[in-house]
Amino acid sequence: MDFAFTPEQETFRVEVRRFLEGEIKLGSFAPGCDAWIIGHSPEFSRKIAAKGWIGLVWPKEYGGQGKTYIDRLVLTEELLRYGAPVASHWFSDRQMGTAILAYGTPEQKAELLPQIIRAEVFFGIGMSEPGAGSDLASLQCRAQEQDDCYVLNGQKVWTSGAHAFTHLYLVARTDPDAPKHKGISELIVPMDLPGITINPIVDLTGHKHFNEVFFDNVRLPKKYLVGQKNRGWYQIASQLDFERSGIERLMSNYALFQSLFEYARQTKRDGRPLSQDPIIRHRLAQLAIEFEVGRLLIYRVACVLSQGKAPNFEAALAKTFCTHFEQKLACEATQILGHYGTLLASSRRVPFSGYATSSYLFSPGYTIQGGTSEILKNIIALRGLGLPSE
Ligand SMILES: Cc1cc2nc3c(=O)[nH]c(=O)nc-3n(C[C@H](O)[C@H](O)[C@H](O)COP(=O)(O)OP(=O)(O)OC[C@H]3O[C@@H](n4cnc5c(N)ncnc54)[C@H](O)[C@@H]3O)c2cc1C
């Protein structure tokens, strides 16, 4: 087995790095934690689009590049390494475009995929509701057929970026009388339709990145149904595999990882570099081991995707391991920094201390968003290990 990248992939990685370093020098962004989910910059996404880096794996007939999932992983790994503000196009590129490719009508593909690739439209994920998170099939948001429309009524919650996206990829109940998994459909909702209200939710860090979204008699033209009516549940399952399998599940707080090693090398405590303290050394080494294991798990998912297979339990396994690593990193960083690890705004003496604290406060979400670790372990047990269901 050859674990090496091809020369083209190595060249591509260098090209992406040079581009991002150039953008940092130009001042177009400052590296940050969680920038793939909170760093909304349509302008920066359009720069990425101009490079041809959105829809990298999609067919050329829709404007994609027809590249492999490993190529895409090289790209996303570098975008995260530099903490680039890619939230505007991240979900569309990761899963919505892929869902439209798999289930959309020819008209939806012809209209929306090129718009996603040009960074003209941006999608959010409208799945969770107050009473439907892990048990998503309990969702109550209704889409009732009326003339040439679906009329939407109900609520979504924790909708990341709803205030910033042009479209929401919504799952709603289209048959209230069917068994709960069988009456659900997927719909594309332009966010400027009358009857949509978005209320921000403040997270522990003080950010307002996710929202409540209310639908009050929103009239959605029928052309926005994706795939088969009432068969949405089966479509969602494959979408979640894409949602769970990316390297953002390992590198959300990479800026912190990098800064922590730098800090340990440069800082003296009790007259000697922190990196020579045996306990700190071991803790840093352990973090490095877990980062590398996580990276291999994510590359394994990309290999499965490259073979045209669905990375179901592999994605669950990777997300579970990697998000626990991210949490551990945030926790270790606050401890290693001592008092500086409790400052939400970066101090002048430890410029990255703000990363540590905000990452620590954001980190409970890592093992919740995109499916909780408990749910993912059930998937691993059932589909990976073949254990009987509970
Ligand atoms: C930062 C962040 C961003 C998010 N962004 C979005 C978004 O953009 N769009 C969107 O639709 N949603 C989003 N979510 C919501 C997320 O998908 C849900 O929070 C998640 O699926 C869990 O659902 P819940 O919050 O309702 O918790 P619940 O499902 O109520 O779970 C509560 C607890 O019970 C456990 N549990 C539940 N069922 C089982 C079981 N069968 N076996 C064992 N344990 C179980 C869970 O693991 C959890 O610990 C986001 C969440 C976060 C934290």
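This is a predicted model: local features need pLDDT of at least 70, side-chain atom pairs count only at pLDDT 80 or more; totals for chains, interfaces and linings use all residues.
## Ligand shell

The ligand is surrounded by 18 residues. Ser128, Ser134, Trp158, Thr372 and Glu374 are the closest. By class, the shell holds 11 polar, 6 nonpolar and 1 charged residue. Helix α13 (residues 373–384) supplies the largest share, 3 residues.

Domain 2 (125–231) and domain 3 (245–384) both contribute to this shell, so the ligand lies between them.

## Polar contacts and cover

Asn378 places a polar side-chain atom 3.4 Å from a ligand nitrogen. On its own, the ligand has 980 Å² of accessible area, and the protein covers 66% of that.

## Largest cavity

The structure contains 2 cavities of 30 Å³ or more. The largest has a volume of about 190 Å³. Its lining counts 19 residues, with Tyr69, Arg72, Ser245, Gly246 and Leu305 closest to the centre. Helices α4 (69–81), α5 (87–103) and α10 (278–306) each give two or more residues to this lining.

The lining divides into 11 nonpolar, 4 polar and 4 charged residues. Domain 1 (7–121) and domain 3 (245–384) each provide at least three residues.

## Second largest cavity

This cavity has a volume of about 40 Å³. Its lining includes Asp34, Trp36, Leu79, Leu80, Met251 and Ser252. Two or more lining residues come from each of α2 (35–38) and α4. The classes are 7 nonpolar, 3 polar and 1 charged.

Technical notes. Residues are numbered from 1 along each chain as its sequence is written. Side-chain values use heavy atoms; hydrogens and water are left out. A residue is near a molecule or strand if one of its heavy atoms lies within 4 Å of it. A polar contact is a pair of N or O atoms within 3.5 Å; within protein, one must be able to donate a hydrogen and the other to accept it, and residues adjacent in sequence count only if both atoms are side-chain atoms. Accessible areas come from the Shrake-Rupley method with a 1.4 Å probe; for residues, only the protein chains shown count as cover. Helices (H or I, at least four residues) and strands (E, at least two) are DSSP runs, numbered from the N terminus. Ala, Val, Leu, Ile, Met, Phe, Trp, Tyr, Cys and Pro count as nonpolar, Asp, Glu, Lys and Arg as charged, and the others, Gly among them, as polar. Domain bounds come from an automatic or database domain assignment. On a 1 Å grid over the protein atoms alone, a cavity is a set of points where a 1.4 Å probe fits but cannot get out, and a pocket is an open set with protein on both sides within 12 Å along at least five of seven lines; lining residues have an atom within 4 Å of a point. Grid points are joined across faces, edges and corners, and a volume is the space filled by probe spheres set on the points.
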